[in-house]
Amino acid sequence: MSQMGPDATFREGLERGEIRLQKCRSCGQSVFFPRVACPNCHGIDLDWQQVSGKGEVYTTTTVRRKPERGGDYNVCMVELAEGARMMSRVTGFAPDLVAIGMAVTLFVGDIDDTAAVLCKPAEV
Ligand SMILES: [Zn+2]
């Protein structure tokens, strides 16, 4: 084994509180999910960078859950300022009120004791 695979590298970053994206050195495209080759130009010269944390809700869903199990929660796809999209969850905000196009700030939190990409409404 020489290097960690791209998924493991991403997870390892999350566990340290960092959200990282790959960026292709050949064509400049931001790449997510983590992978070995650029989906745009098939180049393999991918570089890791930490994200700005700025994004916008791209799709949003409310997952219904009984109050005694924690209540309803949001699941969304966030488009990052860098151009890639990630699955996330808007926290600290009524799930039904999360709207497409809403500005959010991404951060690393826990879902069921596992580091995960979460977001909250961006400060205005
Ligand atoms: Zn590329």
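1. Let's start with the hairpin. Strands β7 and β8 run antiparallel, and eight bridges join them. Keep in mind as you look that this is a predicted model.

2. What lies between the strands β7 and β8? Two residues do, and in this hairpin D112 takes a positive phi near 50°. On the numbering, β7 covers 103–111 and β8 covers 114–121, with D112 in the loop between them.

3. That phi deserves a second look. Most residues other than glycine have a negative phi. D112 is not a glycine, yet its phi is positive, at about 50°. Is D112 buried or exposed? D112 counts as exposed because it has 5 C-beta neighbours inside 10 Å, and the cut-off for exposed is 12 or fewer.

4. There is another residue to check in this way. H42 is not a glycine either, and its phi is positive, at about 65°. You'll find H42 in the loop between β2 and β3. With 10 other C-beta atoms within 10 Å, H42 is exposed.

5. Stay with that loop for a moment, and look at the peptide bonds. Most peptide bonds are trans. Which form does the bond from F32 to F33 take? This peptide bond is cis, and its omega is near 0°. F33 lies in the loop between β2 (30–31) and β3 (46–50).

6. Next, zoom out to the whole chain. The protein is divided into two parts: domain 1 takes in 6–50, and domain 2 takes in 54–121. How far apart are the C-alpha centres of domain 1 and domain 2? They lie 21 Å apart. The contact between the domains draws eight residues from domain 1 and 10 residues from domain 2.

7. Finally, the domain 1 side of that contact. Which elements give two or more residues to the side of domain 1 that touches domain 2? They are α1 (6–15) and β2. By residue type, this side of domain 1 has five nonpolar residues, two polar and one charged.

Note on methods
Residues numbered from 1 in each chain as written. Predicted model: local features only at pLDDT ≥ 70, side-chain atom pairs only at ≥ 80, totals over all residues. Helix = DSSP H or I, 4+ residues; strand = E, 2+ residues; numbered from the N terminus. Buried ≥ 20, exposed ≤ 12 C-beta atoms within 10 Å, placed from the backbone. Domains from an automatic or database assignment. Contact = placed C-beta atoms within 7 Å. Nonpolar A, V, L, I, M, F, W, Y, C, P; charged D, E, K, R; others polar. Pairing = 2+ DSSP bridges.
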